[in-house]
Amino acid sequence: MGRRNSCTIYVGNLPGDIREREVEDLFYKYGRIVDIDLKIPPRPPGYAFVEFEDPRDADDAIYGRDGYDFDGYRLRVELAHGGRAQSYSYDRPSSFSNGRRGGVSRRSEFRVMVDGLPSSASWQDLKDHMRRAGDVCFSDVYREGGATVGVVDYTNYDDMKYAIRKLDDTEFRNAFSRAYIRVRQYDARSRSRSRSLSYSRSRSYSRSVSRSPLPVDERFVILYI
């Protein structure tokens, strides 16, 4: 398969009055778009070809928009040659490094951190797991302090909050391993803190917490019995 074909998706069942800008709005968050070729026949529905810079972005767009309800039209999204999206077993470059994946167009403010992932976890494994709670527009996996950590962006606030409620302390699985994960709202400051988490298959975990000493107030003395 040529690179151009692997980067280009077919978008079918579009409304007859759709504009190119609206097609771009549907797909811009999945990655850098190289070209949009919109076709509006005399009788609807319309269709379009959207070419991305990276085949992984085309893959994401298919997973995120195939079957999506757009103004009453259920979209059909697939690779332009009619094939299935590719699966990538390797990790994407970290979005917290100098990698291209940190592009602004792919991120959202509705972000969660995922701790406790097995070392074999990939960005696609994480995305598949977290999609149970809503529409994921970005996922990444990276190593931090010997641990495997994930970051996931949702397209809206409700899905982010639901992910924290529904997927926190759930079992994450891939073809190689399984682990119970913790899901929390992303806090940029927390990345600099050390975390010690251990998980068991019984869904129990221990957490190492260091507490700051109580402030000293000369007027009060606290006694512990």
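**Note on the sheet, its helices and the salt bridges**

1. The sheet is open and has four strands, ordered β2-β3-β1-β6, with antiparallel pairing. Strands β2 (33-39) and β6 (76-79) are at the edges, each with a single partner strand, so one side of each lacks a neighbour in the sheet. From one strand to the next the twist averages 20°. Note that this is a predicted model.

2. Six bridges join β2 to strand β3 (residues 46-52), in the antiparallel sense. Leu 38 sits opposite Ala 48 in β3.

3. Two helices pack on the sheet. Helix α2 (residues 20-27) touches β1 (8-14), β2, β3 and β6. Its direction is at about 130° to that of β2. Helix α3 (residues 55-65) touches β1, β3 and β6. The direction of α3 makes about 155° with that of β6.

4. The structure has 16 salt bridges. One of them pairs Asp 60 with Lys 127, with the closest N and O atoms 3.2 Å apart. Asp 60 belongs to helix α3 and Lys 127 to helix α4 (residues 123-130), so this pair ties together parts 67 residues apart in sequence. Both Asp 60 and Lys 127 are buried.

5. Asp 54 and Arg 56 also form a salt bridge, the closest N and O atoms being 3.0 Å apart. Asp 54 counts as buried because its relative accessibility is 9%. Arg 56, at 12%, counts as buried too.

6. Arg 178 bridges to Glu 171, with the closest N and O atoms 3.6 Å apart. Arg 178 is partly exposed, at 41% relative accessible area.

7. A network of salt bridges links Arg 21, Glu 24 and Asp 25.

Technical notes
Residues are numbered from 1 along each chain as its sequence is written. This is a predicted model: local features need pLDDT of at least 70, side-chain atom pairs count only at pLDDT 80 or more; totals for chains, interfaces and linings use all residues. Side-chain values use heavy atoms; hydrogens and water are left out. Two strands pair if DSSP finds at least two bridges between them. Axes are lines fitted to C-alpha atoms, for helices over the stretch in contact, and angles run from 0 to 180 degrees between N-to-C directions. Contact means heavy atoms within 4.5 Å. A salt bridge is a side-chain nitrogen of Lys or Arg within 4 Å of a carboxyl oxygen of Asp or Glu. Buried means under 20% relative accessible area, exposed over 50%, partly exposed in between (1.4 Å probe, protein chains only).
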